[in-house]
Amino acid sequence: MYAQMVKSTGTGLKSADEMSAEERAFQARIDAGEKIEPKDWMPEGYRKTLIRQIGQHAHSEIVGQLPEGNWITRAPTLERKAILLAKVQDEAGHGLYLYCAAETLGVSRDEMTEMLLDGRMKYSSIFNYPTLTWADMGAVGWLVDGAAIMNQVPLQRTSFGPYSRAMIRVCKEESFHQRQGFDIMMKMAQGNAQQKAMAQDALNRFWYPALMMFGPSDKDSVHSAQSMAWKIKMNTNDELRQKFVDQTVPQAEYLGLTVPDENLKWNEEKGGYDFSEPDWEEFFEVIKGNGPCNTDRLAARNKAWDDGAWVREGMMAHAEKKRARKMAAE
Amino acid sequence: MKTEWPLWEIFIRGQHGLSHRHVGSLHAPDAEMAIKNARDVYTRRNEGVSIWVVEAAAITASSPSDKGPMYEPSESKVYRHPSFYDIPDDVGAM
C-alpha cells in the first residue's frame, strides 16, 4: 500500500545560494546520508510533505482492509480464511506504525483521520477498485502488495528516521502477503478451467490499477524533484514501474496467464519490457474521487468512525473513572 | 466529550533479549488497553516476552541542538577508558 500523489509544498528546488544557513546544514545532513529525527530542525516543506506522504500511506493501509475484508466471510476454505484474517490484521498494524511515524511530525492521529474522512487527505487509488471474485484476493496479494513492496523497499532508506524504521517492519510482513497472494493465484491457475478463467479475469482487472500505484509518469510528476533531493523518495515513479513489470511478467508466464497488454514485449536493448502505459485519465478521475468504489470506501470509514464514537468516548470515560478512583485510594 | 486517546510508547524485551527495546507507539485509553493492543500489534510473531508501556507525555527527550554541550565533554576524557593505562607485559592478562 502506498502514497502515490503527494504534492510537496516546497517552492521548487533551491540552489545552495538561495537556502538559509539552516536549510544548507539540513541539506548537507541529507546528502551525507544522515537520518533526520523528530526533534531535529527541518524545513516546513519537508515536514508537510512527509505528513502528507506518511499519512496517505497510513490511510491506504486502513482503507485497504475493506476490499479484502469483503471476502473474509466467503473464503473458500478454513485455511484461506485464517490467512486472509491474519493479513487484514497485519494491514491494521501497518496503518498503526505509519500513523505513529506521522505523529512524530506534530500532527495527531485524530486530525489525520478526520482529514481522510472529509476527503482532504487521499489514499492509494487501487482500493477504489472492487473485489468481485475470490481470485481477486490472489491478484491483490500478488500484484498490489507486490507493487507496494517495490515502492517500500527503497523507502527503508528514506531520510526521515521514523518512516524508514516503520518501512523496515512493514516490508517484512508485506513480502509475506505477496507470497500468500501468489499461492492463491497458483492454486487457481492450476485448477479447473473455471478457476483458471477466474484467475485470468482478476489479472485483467488489476494489472493497470497496479501499474498506477507507482504514481503518474515522471514527466507529469512535478513534485518528484524536491522529494528526491530531500531523499523522501528514492526512485522515480517510472523507474519503479519498469522494475515491477520486469519482475512480474515472468511470474504471470509461470502461472500460464496472459498479461492484458498487446504491446508487452521484451526489449533486449534496454534489458526490460516495453509495455503500455495505464490510462492516466482514469487515474486522475479515481484520485479525484470518481473511481468505482470511492464513495463506498469513504462511506464505510465514516460510518465506522461515527457509529464508534460512543465506544471511544465510553472507553475514555471509564479510564478517567478508574484513574480518579485510584487517586482517591492513594 | 471528544477526547483523543493518549499516545503510549511501547518497549518490548525479546525472547532472548537482555533489555527492553523501544518498538513503536500506539493510542489507548489506559495502560491496560495499551498492553493488550501492544500484545496484538507488536508480538504477533513471537517478538517478545515482556512489554512496558509508558504514556508518551511522561517522556522527556534530550534535544539534538544540545548535542555539543551534552556529549563533547566526554571526548577529552581518555582516562575513562581502560586502554588508557599501561600494564607491563610481564604482569600477564589483567
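How much area is buried between chain B and chain A, and what share of it do carbon and sulfur atoms give?

1. The model is predicted. In it, about 2100 Å² is buried between chain B and chain A. Carbon and sulfur atoms give 52% of that area. To the contact, chain A contributes 25 residues and chain B contributes 23 residues.

2. Charged side chains meet across this interface: 5 salt bridges are found between chain B and chain A. One of them joins B:Arg44 to A:Asp90, with 2.7 Å from N to O. Polar contacts across the interface of chain B and chain A amount to 13 residue pairs, both residues being at pLDDT 80 or more.

3. Which elements of chain B supply at least two residues each to the side that touches chain A? They are strand 2 (21–27) and helix 1 (31–42). By residue class, the side of chain B that touches chain A has 12 nonpolar, 6 charged and 5 polar residues.

4. Two backbone angles deserve a look. Most residues other than glycine have a negative phi. A:Lys231, however, has a positive phi, near 55°. This residue sits in the loop between helix 9 (224–229) and helix 10 (237–255) of chain A. Its relative accessible area is 28%, so A:Lys231 counts as partly exposed, the class between under 20% and over 50%.

5. The second case is in chain B, where B:Asn46 is not a glycine and yet has a positive phi of about 60°. Where in chain B does B:Asn46 lie? It is found in the loop between helix 1 and strand 3 (50–55). With a relative accessibility of 59%, B:Asn46 is exposed, because the cut-off for that class is over 50%.

Methods. Residues numbered from 1 in each chain as written. Chains lettered and ligands numbered in written order. Predicted model: local features only at pLDDT ≥ 70, side-chain atom pairs only at ≥ 80, totals over all residues. Heavy atoms only, no water. Contact = heavy atoms within 4.5 Å. Buried area = accessible area lost by both parts, 1.4 Å probe. Salt bridge = Lys/Arg side-chain N within 4 Å of Asp/Glu carboxyl O. Polar contact = N/O pair within 3.5 Å; in protein donor to acceptor, adjacent residues only side chain to side chain. Helix = DSSP H or I, 4+ residues; strand = E, 2+ residues; numbered from the N terminus. Nonpolar A, V, L, I, M, F, W, Y, C, P; charged D, E, K, R; others polar. Buried < 20%, exposed > 50% of the residue type's maximum accessible area, 1.4 Å probe, protein only.
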